[in-house]
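Take a look at the picture first, and then read on.

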Protein chains: 2
Amino acid sequence: MKLENPTGTALYSIEKAIKEYRKLAQKNITKVVKDITIDQCLVLIILNDNQNISQKELANLVFKDNASITRMIELMVKKQYLNRTIHLEDRRKFNLEITNKGITTLELMKPVIKINRKTALDGLSLEEIALLNKTLNKIIANCKK
Amino acid sequence: MKLENPTGTALYSIEKAIKEYRKLAQKNITKVVKDITIDQCLVLIILNDNQNISQKELANLVFKDNASITRMIELMVKKQYLNRTIHLEDRRKFNLEITNKGITTLELMKPVIKINRKTALDGLSLEEIALLNKTLNKIIANCKK
DNA sequence: GAAATTATATTGATATATCAATTATATTTG
DNA sequence: CAAATATAATTGATATATCAATATAATTTC
């Protein structure tokens, strides 16, 4: 039995790598903030950098569909990480805004996120990482065709 | 706004790559078999190669926890892709067995799976793929520490 | 060999994923 | 400008993810 990679394709390794990273990341983030998931964390990071983003754009960036992001946002509003107000120019849209609690929480998580990434990529040279990115981008482009 | 990679880390690219691949794979598999997911497909592939595997081992190989695999198997039994019988030597366990329908379905999907993988890895040299695997395995090992 | 521990799997609760259908608003077209 | 089309987001249904608690069986320990 091929224990590490039962399919024998690099695509399995890609999935395994991200699953292991998510496990590590979630474990460490939970240590500092109890009620947040790494996906919610990514939402905060992206909203922090991109004020005027729509739910649809946000969904794309965090790899979710509109339905999922709707429910995630609902929950994050309920937990007071986000505010949601109607978009004046296009009333189909909403403005998404991080609350003060959201910002505080993000600041609390930032060092943990940094350590997580460092841990995952430990021992990899810059060249190796660049090559990894390049290869992954090729795969992404191939799948989108 | 960094559109392709808002976090600037290779880990985001890893996630993006596998998500794009899963989309492609699911789309093409649905064309030949309506009621199966790529995860169920992976379960069939693994069970086909490993007769005497426990649910726990299976769960590990497909990156799921025991609860998820229990429900997946229930569903696959209901859809008649699998049979489940009590394990005589260890009565906590079950024997998982692909049905004839499961085997037929798998044969139907095999060429599609092959094409999907080829599509995703198109234009990558063997060396590039080997290096990708090597780097990913380092990341996997780092996360497990 | 009975009690304590460990292992396998299930169940319940809640969140998320996904698809299809729907609602509300904007935009385009004739 | 009204009708048709397109877009943003929501809702419903069902499957899956995840954690904690539980049930059952096997193994270990004394």
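**Before we start**

This is a predicted model, in which local features need pLDDT of at least 70, side-chain atom pairs count only at pLDDT 80 or more, and totals for chains, interfaces and linings use all residues. Residues are numbered from 1 along each chain as its sequence is written, chains are lettered from A and ligands numbered from 1 in the order in which they are written, and side-chain values use heavy atoms, with hydrogens and water left out.

**Chain A at a glance**

Chain A contains 6 helices and 2 strands. Helices (H or I, at least four residues) and strands (E, at least two) are DSSP runs, numbered from the N terminus. Reading from the N terminus, the order of elements in chain A is α-α-α-α-β-β-α-α. The C-alpha trace of chain A spans about 55 × 40 × 30 Å along its principal axes.

**How helices pack**

Two packed helices are described by the angle between their axes and the distance between the axes. Here the axes are lines fitted to C-alpha atoms, for helices over the stretch in contact, and angles run from 0 to 180 degrees between N-to-C directions. Angles under 35 degrees count as roughly parallel, over 145 as roughly antiparallel, 65 to 115 as roughly perpendicular and the rest as oblique.

In chain A, helix α1 (residues 10-32) and helix α5 (residues 100-120) have axes that come within 10 Å and cross at roughly 150°. α1(A) and α5(A) are therefore roughly antiparallel to each other. The crossing of α1(A) past α5(A) is right-handed, a label used if the near helix is turned clockwise from the far one by less than a right angle, with left-handed for anticlockwise.

Now move to chain B. Helix α1 (residues 10-32) and helix α2 (residues 38-49) of chain B have axes that come within 10 Å, crossing at roughly 80°. α1(B) and α2(B) are therefore roughly perpendicular to each other. B:R22, B:A25, B:Q26 and B:I29 of α1(B) touch B:I38, B:D39 and B:C41 of α2(B). That contact of α1(B) with α2(B) has 4 nonpolar, 1 polar and 2 charged residues.

α2(B) also packs on helix α5 (residues 100-120) of chain B: their axes come within 10 Å and cross at roughly 110°. That makes α2(B) roughly perpendicular to α5(B). On the α2(B) side, B:C41, B:L44, B:I45 and B:N48 take part, and they meet residues of α5(B) including B:L106, B:M109 and B:I113. By class, the contact of α2(B) with α5(B) has 6 nonpolar, 2 polar and 2 charged residues.

**Meeting the DNA**

By class, the surface near DNA strand D has 4 nonpolar, 7 polar and 13 charged residues. α4(A) gives the largest share of that surface, 5 residues.

DNA strand C is surrounded by 23 residues, and the closest are A:K64, B:Q55, B:T70, B:R71 and B:R84. Sugar and phosphate make up 65% of the atoms of DNA strand C within 4 Å of the protein. For DNA strand C, α4(B) gives the most to the nearby surface, with 5 residues. The classes near DNA strand C are 4 nonpolar, 7 polar and 12 charged residues.

The table lists polar contacts, meaning pairs of N or O atoms within 3.5 Å; within protein, one must be able to donate a hydrogen and the other to accept it, and residues adjacent in sequence count only if both atoms are side-chain atoms.

| Residue and part | DNA atom | Distance |
|---|---|---|
| A:R71 side chain | base nitrogen, DNA strand D | 2.6 Å |
| B:K64 side chain | phosphate oxygen, DNA strand D | 2.6 Å |
| B:R91 backbone | phosphate oxygen, DNA strand D | 2.9 Å |
| A:Q40 side chain | phosphate oxygen, DNA strand C | 2.9 Å |
| A:R71 side chain | base oxygen, DNA strand C | 2.8 Å |
| A:R91 backbone | phosphate oxygen, DNA strand C | 3.0 Å |

Technical notes
Ala, Val, Leu, Ile, Met, Phe, Trp, Tyr, Cys and Pro count as nonpolar, Asp, Glu, Lys and Arg as charged, and the others, Gly among them, as polar. Contact means heavy atoms within 4.5 Å. A residue is near a molecule or strand if one of its heavy atoms lies within 4 Å of it.
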